[in-house]
Amino acid sequence: MTEFAFQAEVIQWRGPAPFYFALIPADIGQKIAERSREVSYGWGAIPVEAAINGVVFRTSLFPRHGTYLLPLKDRVRSQLGTADFTALQISMTVGPPPR
């Protein structure tokens, strides 16, 4: 498992239903890409455990424009209790959950 801590810009993917993602910084994305063959379970998705302001959740990163997007589901955003999703401080462990 590989651990990272970083600040990420939050972007909104507009569509029939909006989705929110934290855009992984390019330098962190490169380091994740170097491990992608070891941890990806298909379609380039990479399992992670992330923590933002004490809210811990499991999800998968998705490749996008040379880096990755971290999905911020409604449940996570509501637990954070803030409407300001411009940038977040994130701790993240890349890899499958421990068995």
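Trainee: What makes Arg-35 and Glu-38 about one helical turn apart?

Mentor: They sit three residues apart in helix α1 (residues 26-39), so about one helical turn separates them. Keep in mind that this is a predicted model.

Trainee: And why is the contact between Arg-35 and Glu-38 called a salt bridge?

Mentor: The cut-off is 4 Å between a side-chain nitrogen of Lys or Arg and a carboxyl oxygen of Asp or Glu. For Arg-35 and Glu-38, the closest N and O atoms are 3.1 Å apart, so the pair passes.

Trainee: Which of the two is buried, and which is exposed?

Mentor: Buried means under 20% relative accessible area, and exposed means over 50%. Arg-35 has 19%, so Arg-35 is buried. Glu-38 has 59%, so Glu-38 is exposed.

Trainee: How many salt bridges are there in the whole structure?

Mentor: A search turns up three. One of them joins Asp-74 and Arg-77, at 2.6 Å from N to O. These residues are three apart in helix α2 (residues 74-80), so again it's about one helical turn. Asp-74 is exposed at 54%, while Arg-77 is buried at 15%.

Trainee: How do you know that Arg-58 and Glu-49 form a salt bridge?

Mentor: Their closest N and O atoms are 3.9 Å apart, and the limit is 4 Å, so the pair counts.

Trainee: What stands opposite Glu-49?

Mentor: That's Thr-93 in β6, a strand covering residues 87-94.

Trainee: Why is Thr-93 called buried?

Mentor: Its relative accessibility is 19%, so Thr-93 counts as buried; the cut-off is under 20%. Beyond its neighbours within four places in sequence, Thr-93 is in contact with Met-1, Thr-2, Glu-3, Pro-47, Val-48 and Glu-49.

Trainee: How do you know that strand β3 and β6 pair?

Mentor: Pairing takes at least two bridges. Strand β3 (residues 46-52) and β6 have four, in the antiparallel sense, so they qualify.

Trainee: In what order do the elements run from the N terminus?

Mentor: β-β-α-β-β-β-α-β, which is two helices and six strands.

Trainee: What makes the protein as compact as a globular protein of that length?

Mentor: Its radius of gyration is 13 Å, and the globule rule gives 13 Å for 99 residues, so the label holds. Along its principal axes, the C-alpha trace spans about 35 × 30 × 25 Å.

Trainee: What share of the residues is buried?

Mentor: Buried residues are 40% of the 99. As for the contacts with a separation of 6 or more, 59% are between residues 24 or more positions apart.

Trainee: And what about the surface?

Mentor: The accessible surface comes to about 6100 Å², with 52% of it belonging to carbon and sulfur atoms.

Note on methods. Residues numbered from 1 in each chain as written. Predicted model: local features only at pLDDT ≥ 70, side-chain atom pairs only at ≥ 80, totals over all residues. Heavy atoms only, no water. Buried < 20%, exposed > 50% of the residue type's maximum accessible area, 1.4 Å probe, protein only. Contact = heavy atoms within 4.5 Å. Rg over C-alpha atoms; globule rule 2.2 N^0.38 Å. Areas by Shrake-Rupley, 256 points an atom, 1.4 Å probe, with all protein chains shown as cover.
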